[in-house]
Amino acid sequence: MMKLKSHLPLLAAIVGLIGLPLFVENPYYIHLAETILIYTILLFGLDIVVGYVGQVSLGHAGLFGIGSYTAGILFFHLGWPVWATIPASIIVTAIFGGILALPALKVIGPYLAMVTLAFGTIAQILINEMSWLTEGPLGIKLTLPELMGTTMTASEYFWLVAAITILALIVVDRFVKSQMGRAFEALRDSPVACDCMGVSVYRFKVIAFVISAGFAGLAGCLYAYSEQYISPNTYNNELAVLFLLAIIMGGRKSRLGAAIGAAIIVLLPKLLDDINLFRIVASIIAIVVTLGAVLALSKKITTPKRVAIPVAGVVGLAAFSFWLNSIADWRLSIFGFMILLVVYYLQNGIVGFAKTFYLAITGKTKTTVGEATAENTDSSVDFISAVGNKNTGAELLKVESVLMQFGGLKALNNVDLSIKRGTIHGLIGPNGSGKSTMMNVLTGIYIPTAGNVLYADESVVGKTSSEIALSGIARTFQNVQLFGEMTALQNILVGLHHTFKSNMLDIALHLPRYLREERDARNRAMALLKFVGLEDLANEEARNLPYGKQRLLEIARALALDPELLLLDEPAAGLTAPDIKELLRIIRKIRDNGITFILIEHHMDVVMSVCDTVSVLDFGQKIAEGKPAEVQADEKVIHAYLGA
Amino acid sequence: MDMLAQILSSGIAVGMIYAVIAFGFQLTFATSGTLNFGQGEALMLGALVGLTCVDTLGMNYWAMIPVVCLFGMLQGSFVELIGVRPAIKIKSEFGWIMSTIALGIIFKNVAENVWGRDALPFPPPLPMEPMSFLGANILPMEILVVVGALVMMLLVEFFNRKTIYGKAVVATANDRDAAGLMGINTSMVITFSYALSSLTAAFAGVLIAPLTLTGATMGGALGLKAFAVAIIGGLSSGMGIIVGGLILGIVETATGFYFSTGYKDVPGLILLLLVLAYKPSGLFGKSAIKKV
């Protein structure tokens, strides 16, 4: 019953799409609806990069063009049928997406925006100049695809596009809810932690771009047939900006948002062609926003200062519309003005805004999403993989005269460490003595200037963080690095990413392998949450958890990696006394499963009560090592901590 | 040999223009970590305002330059106020990227409506007869471009190094929070850096205008390529942008000559992608250590 209800909007959409060509006679409106669907497909893909991975891409107009031209060229030069051009467009564009991702990998934010802009510009220039292939500025004419020997009618093609859109919707939805979607969000929230959970940021950024480009290629191909004519000028940078506007305006991380955004950018130019219609719509928007603001003010949700500028903006727009004689010339200005309003006042898009507004008006508090409940925890699940007592006391990690130099500063100066299996090894020292630097060297975030690190007799120097993580070294961070916008449960599921073997096909078709892996992972994640006492907060976003709980969640996430060696960087910092007691219980319990620890800590009572061995660093050098009590009495250590 | 000299001389003139615009990118990036994606439009507006001064108001070319510089400062402050400051306040990278793009689109559209859609000729202040030098034909205007660009950059550098106001800019660039604690009005410094940045762009506009045509669409490609120069040279290296600008200017002129002018924007952008793929901090930039 629940299931039927949640599928109701989708069913309604399908019925509407089938019915549209039957009831709407005018081919112009069918074509408009078709364009909206095609843009929606592209925006599904763009949303993966923008919404989930959190990167700005201005290259999607270029990718869209590559998709269109792949179809156009194959049709024009080789006469390929539609069932061959669609996959070809997807594959070719996906390859270009991979090429775009290569320079994009090392850069973020504004650099990435410029890189993608440059990519889009190059694509447009090449399409324009390579006349032997693309017919250059003249463009390519196409006909609607054939179906069983006859050319499709406009309605039939509309149904084809509608069917593909629904398919795309289902596939995207499954992708972003799978381990892949979680990896995308994780690398957005904290790339460092993502790598240290064995989820390679490098790899998943490429995958995100490739998938996103594939959708752009599909949309481009359908667009070419829909317009029946393609030319280079369509795929300019303004279209790329328009796509971005659509994503933000509709709402990120929402399929409905993508559809709304697509409808807006398709209908907006039509709207702006007709000055009278524009005047009416601008007035309606002004009235709605003003009324909304008054309503919000009366319910004391917001302050006059906050609503003043958007209200002035929309009222100004309405006034401007009556002042203008012709609208066509000012189209781009209005469009730019809308971007400004959306960027600052509608950051979560129409869908996000509607949600918060609805919740605020009805006075409901935000209900947490997700179906996991504390009740369905299966206590029989073996949540910590016991490393067993194999070779307790043998050497697990060996640090050989590691030197880490930043310019003239030697953060670590010829430090040796030897960590025995099944023990808790404390690492202490005053601030700035190199403890966290050591953690970063061990997990591959820094590559040491000299020296070697052997883990289970293999050198880890030069391996990437995610390779090291997968080989069995998990860590927590001094300044908590959770995936803030993801729930506690999802955070742990990212740690369990290594348990998934299923590929894109498994996910898209929901094959048994994927379903089984997802179910097992969820059970284990709940068990891990229960172990650290967070099962009631499973569906809470990590950034909303209190600090102490965040630290515990980090430990649980690290455990999900099935580590043999667990590095804890100041786990007790900022914890209250009862919390510390709980932490000690957890550490001992994990140790009993045979897992080895390196523990950086400033709370001496914690260090003294759980550590088997303690090493002391000062100014990058090891000054003492031994049993806790011995170290505590060491002259040099006292000197380092208290001075003089 | 003659051809080579010709390509070099034309390439250097174009390259210096890129360097000046890229210099503008560096100014704002240093103080606030933000860039004006509408930098090309700032250049375009400067050129068009200059054209109005010379053509309609009958001003002398040299007398017009300070007016254009003043206009550039106002335009830059406007961009900072509307597009960048709110984004810095809410720490939204996406915000300033999108809003400077949006402002760029608006400026371009306004320019189309005020000055029309056609490219207009800009009356040159110097004779347009080429001079022969080492077998290459060099326009006096090209020499003016190179000299003007260098003087502008040196003036700003001098300001930054020798005056107390410049010290405030440098301090903000080094550490905005610390500068704020020392009583420097950092948000004013950021506005000022935007004013200065658009000033250099507007100045570059009137320098290049007599050599090309002036019109609403002249800015887009220039802005993007200047960004490529800023990246190739490194966003923190003054020497880097001059070298980067020259490399790009010469490569581009050569491509236009040996292949086709249609392809001339391509090598620069590919160079940009390659530099970002292999040395994201630029050829002359220093890479930063990430702290965890």
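The model is predicted, so local features need pLDDT of at least 70 and side-chain atom pairs count only at pLDDT 80 or more, while totals for chains, interfaces and linings use all residues. Residues are numbered from 1 along each chain as its sequence is written, and chains are lettered from A and ligands numbered from 1 in the order in which they are written. Helices (H or I, at least four residues) and strands (E, at least two) are DSSP runs, numbered from the N terminus.

**Contact between the chains**

- In chain B, 34 residues are in contact with 36 residues of chain A; two residues are in contact if their C-beta atoms, placed from the backbone, lie within 7 Å.
- Helix 4 (93–115), helix 9 (219–233) and helix 11 (266–278) of chain B each supply at least two residues of the side that touches chain A.
- Of the elements of chain B, helix 4 gives the most to this side, with 15 residues.
- The side of chain B that touches chain A has 25 nonpolar, 6 polar and 3 charged residues. In this classification Ala, Val, Leu, Ile, Met, Phe, Trp, Tyr, Cys and Pro count as nonpolar, Asp, Glu, Lys and Arg as charged, and the others, Gly among them, as polar.

**Domains of chain A**

- Chain A is divided into domain 1 (2–267), domain 2 (275–367) and domain 3 (395–642), with bounds that come from an automatic or database domain assignment.
- The centres of domain 2 and domain 3 of chain A, taken over C-alpha atoms, are separated by 48 Å.

**Mixed sheet of chain A**

- An open sheet of 6 strands in chain A has the order 10-11-12-7-13-14 and mixed pairing; two strands pair if DSSP finds at least two bridges between them.
- Strand 10 (473–475) and strand 14 (621–626) of chain A are the edge strands, and each pairs on one side only.
- On average, neighbouring strands of this sheet are turned by 20 degrees against each other, direction ignored.
- Strand 7 (residues 424–428) and strand 13 (residues 613–618) of chain A run parallel and are joined by 4 bridges. L427(A) stands opposite S615(A) in strand 13.
- Strand 13 and strand 14 of chain A pair in the antiparallel sense over 5 bridges, and V614(A) has G626(A) in strand 14 as its bridge partner.
- The hairpin of strand 13 and strand 14 of chain A has 2 residues between the strands, and F619(A) in the turn has a positive phi of about 50 degrees.

**Antiparallel sheet of chain A**

- A further open sheet in chain A has 4 strands in the order 6-5-8-9, with antiparallel pairing.
- Strand 6 and strand 9 (458–459) of chain A stand at the edges with a single partner strand each, so one side of each is left without a neighbour in the sheet.
- Helix 17 (residues 435–442) of chain A packs on this sheet and touches strand 5, strand 6 and strand 8; the direction of helix 17 makes about 65 degrees with that of strand 6.
- Strand 5 (residues 395–406) and strand 6 (residues 409–420) of chain A pair in the antiparallel sense over 8 bridges; M404(A) has L412(A) in strand 6 as its bridge partner.
- Between strand 5 and strand 6 of chain A the hairpin has 2 residues, and G407(A) takes a positive phi near 60 degrees.
- Strand 5 of chain A is also joined by 5 bridges to strand 8 (residues 450–455), and the two run antiparallel. K398(A) stands opposite L454(A) in strand 8.

**Helix packing in chain B**

- Helix 2 (residues 39–55) and helix 8 (residues 186–208) of chain B pack at an angle of about 55 degrees, with their axes 7 Å apart. Axes are lines fitted to C-alpha atoms, for helices over the stretch in contact, and angles run from 0 to 180 degrees between N-to-C directions.
- That angle makes helix 2 of chain B oblique to helix 8 of chain B. Angles under 35 degrees count as roughly parallel, over 145 as roughly antiparallel, 65 to 115 as roughly perpendicular and the rest as oblique.
- The residues of the contact of helix 2 with helix 8 of chain B divide into 10 nonpolar, 5 polar and no charged.
- The axes of helix 6 (residues 164–174) and helix 8 of chain B come within 10 Å and cross at roughly 105 degrees; the two helices are therefore roughly perpendicular to each other.
- A168(B), V169(B) and T172(B) in helix 6 of chain B meet T186(B), V189(B) and S193(B) in helix 8 of chain B.
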